[in-house]
Amino acid sequence: MQENILVVDDQATVRGIMVALLEQSGYDVTAATGAEEALEHLQQNPCCDLVLSDVMMQGTDGLTLLDRIGTEYPGTPVVMLTAVHDIQVATNAFRRGAVDYLLKPFDRTQLLSVVTRAIEHGKLLKQNAVYRQNLEQIIFTRTSRLRATMQDLEKSYDITLEAMGDALDLRDSETQGHSRRVTAYTVALAREMGLNAEELRTIARGAFLHDIGKIATPDCILLKPGKLLPAETEIMREHCTRGYDMVRKIPFLRDAAEIVYAHQESFDGTGYPRGLAGEQIALGARIFAVADAFDAMTSDRPYRKGMSCLQAREEIARCSGDQFDPRIVAVFLAMPIDTWHDLREEVESRSSSVLAMQ
């Protein structure tokens, strides 16, 4: 297949000589008298294999044409022609994207040598562009597959986590469904605070697994109907540390483990197990504390009836600055009270993953 060459020169004699020489050598040659005519040709024939352009032309000069070709037809090789023996002109042309430079007057051998090199250079550029495009497509396809695989894997992890949480809730009939509800409440509150998707996922997992350490708590203490003795209370409180030690060993739950560890801390430093205060407590744990207290107060227990949502909100407001972070309480109180009714009904009516609600 013949290579197509565009010759651009405002001197008819030079233009005619170059066309004749190139056609004798088997090239398909088109001539243009200036930059505008050259751009019109390229618009109709964007697959031109080479442009040979004079630098000094009436109207738009060759260097400006070079810039336009580099922007509008990237990958098209351009050789600049000039009668001016000035190294600065040549350097400027190369910096702006020319692949070669030919001084006038030139003979047939010089012209064909430059043309051959430039066309080969253009072919390499096009091959590299095709290779890069194919490589980008391969990377995109494989990345999409990997992303889909990771999402499936993440879903399977969350299903496993929910099974663990559900098993814990079933062990303690008084708190059945608590993990699902408190997770939904925590995520809703965190979203209202503007946390991003990754932070919501972490908080959802930490909230759902907050009591996972109770798996190691003896039934005689966990299920005791009456008040716990001081020694029993100490054993019960170990569930935060036990849960943290369990969860932090799983790489994708390392951040969520901080919520498990700190979910019983109080904003004023009177909580456990470490007595943390203020922003020493992980943000997720501070958000969880409000959601957890709200669910505990509004849920029925064998020994008491749950409060109304309004009463629970008033109690949380009263404990702002002591048990709870005031900033989080302010966001909680600003949310419509129907939010919590709706979330509770949604959680109790759905069988799909509560960890997907974020």
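**Close-up views of a predicted model**

View 1. Strand β1 (residues 4-8) pairs with strand β2 (residues 28-32) in the parallel sense, over 5 bridges. From β1 the chain passes through α1 to β2, and this β-α-β crossover is right-handed. Within the pairing, Leu 6 stands opposite Thr 30 in β2. The model shown here and in the other views is predicted.

View 2. Helix α1 covers residues 12-24, 13 residues in total. From first C-alpha to last, α1 reaches 18 Å, close to the 18 Å expected at 1.5 Å a residue. Which residues of α1 are buried? They are Val 14, Arg 15, Met 18, Val 19, Leu 21 and Leu 22. Seen down the axis of α1, the buried residues fall within an arc of 170°, so they line one face of the helix. The face turned away from that buried side carries the exposed residues Ala 12, Thr 13 and Gln 24. Just after α1 comes Gly 26, which takes a positive phi of about 95°.

View 3. Strand β4 (residues 78-82) and strand β5 (residues 100-103) pair in the parallel sense over 4 bridges. Here Thr 82 stands opposite Leu 103 in β5. Together with helix α4 (residues 87-95), β4 and β5 make a right-handed β-α-β unit.

**View 4. Val 78 is a buried residue of strand β4.** Val 78 is found in β4. Its relative accessible area is 2%, under the 20% cut-off, so Val 78 counts as buried. Ala 118 lies 40 residues away along the chain, yet the C-alpha atoms of Val 78 and Ala 118 are separated by 7.6 Å.

**View 5. Tyr 244 and Tyr 261 stack.** The structure holds 7 aromatic pairs. One of them, formed by Tyr 244 and Tyr 261, is stacked, with 4.1 Å centre to centre and 15° between the planes. This pair links distant parts of the chain. Tyr 244 lies in helix α10 (residues 239-247) and Tyr 261 in helix α11 (residues 254-262), 17 residues apart. Buried or exposed? Tyr 244 is buried, and so is Tyr 261.

View 6. Phe 294 lies in helix α12 (residues 283-298) and Phe 332 in helix α14 (residues 326-334), so the pair ties together parts that are 38 residues apart in sequence. Phe 294 has a relative accessible area of 1%, under the 20% cut-off, and is therefore buried. Phe 332 also counts as buried, at 1% relative accessibility.

**View 7. Four residues form one aromatic cluster.** The members are Tyr 185, Phe 294, Phe 332 and Trp 340.

**View 8. Arg 274 sits over the ring of Tyr 261.** The charged end of Arg 274 lies 3.7 Å from the centre of that ring. On what ring does Tyr 261 stack? Its partner is Tyr 244.

Technical notes:
Residues numbered from 1 in each chain as written. Predicted model: local features only at pLDDT ≥ 70, side-chain atom pairs only at ≥ 80, totals over all residues. Heavy atoms only, no water. Phe/Tyr/Trp six-rings, centres within 6.5 Å; stacked < 30°, edge-to-face > 60°. Helix = DSSP H or I, 4+ residues; strand = E, 2+ residues; numbered from the N terminus. Buried < 20%, exposed > 50% of the residue type's maximum accessible area, 1.4 Å probe, protein only. Lys NZ or Arg CZ within 6 Å of the ring centre and 35° of its normal. Expected span 1.5 Å × (residues − 1). Arc of directions from axis to C-beta. Pairing = 2+ DSSP bridges. Right-handed = clockwise from strand over helix to strand, strands pointing away.
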